[in-house]
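Hello,

Here is the structure you asked to look through. Please open it next to this message and follow along as you read.

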Amino acid sequence: MTMIVGYASDERGKAALHLAAMLARSAHDDLIVCTVVPAPWTPGMARVDAEYQNYLAQTADQALERARNYLPGDVPATYVRYSARSAPAGLLEVAAQNDARLIVLGSSSAGAFGHISLGSVTDRLLHSSHVSIALATRGFRCPGDASVQRVTAAFGGTESAEELVLAAAAVSADAGASLRIATFAVWSRPAYTTRLGTDSEDLVMDEWRAEVEKTVAATLTQVKHLPHGPRTVETVIGSGANWAEAIDDIGWEPGDILVVGSSELGPVARVFLGSRATKILRHSPVPVLVVPRNRAEELAGRAAEN
């Protein structure tokens with residue numbers, strides 16, 4: 001299989017290459033490192049147009065040469081300069097031409113270090129891509145021999161969430177990694193007063209946890225019956241007064257990636273982030289893999305067949 005790396009000649013590019021190398025090494029995939037240059041609007045006759053296009057081509061080629069030096073030698077890669085009307089369009093075209101299953105991107109340099117921040121390219125792809133998108137946290141780095149150790153699936157309790165868990169199980173099986181099913185509860189505990197206690201709120205929270213554990217247990221049974229499943233499987237519930245606390249509550253380690261699914265309100269064949277997935281993505285301290293619903297169904301079916 002093939003992965004596309006959207007390479008930019010700044011810190012985003014390095015983070016994307018580090019993540020792509022870790023993913024490709026784990027899944028034994030080929031990489032295509034791609035730099036997109038703007039296509040001319042019209043076939044211009046002025047010499048300045050040709051000079052500008054030559055400048056863009058030279059700049060892109062220099063960027064790709066730097067990428068060769070950054071990428072570890074044990075990860076085979078092809079380096080491509082591609083002309084398109086925009087970077088998102090170019091990356092999607094290259095992905096389609098090579099039947100790629102994943103596009104790897106870095107975070108915007110305007111975001112917080114160690115977290116994911118969306119720029120114009122990533123934001124557009126997260127609402128239009130027909131293939132999965134992997135996003136590196138800003139400044140992401142890993143050792144030259146790093147591989148994926150654990151895949152965490154963000155579980156929301158819906159039918160599509162069950163397919164996402166099976167898809168994450170297929171990803172973790174491909175990488176020889178363990179699987180963790182995580183549910184997040186964002187709940188601000190009300191202040192205690194002498195007139196009104198918090199027993200009712202605690203009861204609601206306990207009932208919610210019991211329902212989640214029941215739903216996760218049913219999904220977990222499906223995962224355990226897969227012929228080729230993850231190395232190990234565990235379930236966790238992260239809770240906190242806000243998304244940052246809830247996500248941090250489950251703990252993270254080097255070699256972790258988080259998998260989230262598309263919103264059920266968006267197109268089936270494309271990535272479309274809902275509000276919950278967007279909050280999880282923005283607060284994740286590890287790289288995130290965003291899977292379109294049709295891709296989740298495909299991976300889930302493949303996991304069951306294998």
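Asp-99 counts as exposed, because its relative accessibility is 60% and exposed means over 50%. This residue sits in the loop that runs between helix 3 (87-97) and strand 4. Its phi is positive, near 50°, and Asp-99 is a residue other than glycine. Please keep in mind that this is a predicted model, and that what follows was computed from it.

His-28 also has a positive phi, about 60°, although His-28 is not a glycine.

Helix 1 covers residues 11-27, which is 17 residues. From its first C-alpha to its last it reaches 25 Å, close to the 24 Å expected at 1.5 Å a residue. Of those 17 residues, 13 are buried, so helix 1 is largely enclosed by the rest of the structure.

Ser-172 belongs to helix 5 (residues 159-175). Its relative accessibility is 0%, so Ser-172 counts as buried; the cut-off for buried is under 20%. Which residues does Ser-172 touch, leaving aside its neighbours within four places in sequence? They are Val-151, Ala-177, Ser-178, Leu-179 and Pro-230.

Leu-118 lies in a loop, the one between strand 4 (102-105) and helix 4 (120-125). At 18% relative accessibility, Leu-118 counts as buried, because 18% is under the 20% cut-off. Once its neighbours within four places in sequence are left aside, Leu-118 is in contact with Ser-108, Asp-123, Leu-126, Leu-135, Leu-281 and Arg-282.

Asp-248 gives another pair to find on the screen. Asp-248 is in helix 7 (residues 243-248), and at 54% relative accessibility it counts as exposed. Asp-248 and Ser-284 are 36 residues apart in sequence, and the distance between them is 8.0 Å, C-alpha to C-alpha.

Now the chain as a whole. How many helices and strands does the protein chain have? There are nine helices and ten strands. The chain has 306 residues, and buried residues make up 49% of them. Among contacts with a separation of 6 or more, 78% are between residues 24 or more positions apart. The accessible surface of the protein chain comes to about 14,700 Å², and carbon and sulfur atoms account for 51% of that surface.

Last, the confidence of the prediction. The average pLDDT of the protein chain is 82, and 80% of the residues score at least 70. Residues 264-270 have a pLDDT below 50, and in the model this stretch has 19 contacts beyond near neighbours in sequence.

Regards

Terms used
Residues are numbered from 1 along each chain as its sequence is written. This is a predicted model: local features need pLDDT of at least 70, side-chain atom pairs count only at pLDDT 80 or more; totals for chains, interfaces and linings use all residues. Side-chain values use heavy atoms; hydrogens and water are left out. Helices (H or I, at least four residues) and strands (E, at least two) are DSSP runs, numbered from the N terminus. Buried means under 20% relative accessible area, exposed over 50%, partly exposed in between (1.4 Å probe, protein chains only). Contact means heavy atoms within 4.5 Å. Accessible areas come from the Shrake-Rupley method with a 1.4 Å probe; for residues, only the protein chains shown count as cover. The expected span of a helix is 1.5 Å times one less than its number of residues. pLDDT is the predictor's confidence in each residue, from 0 to 100.
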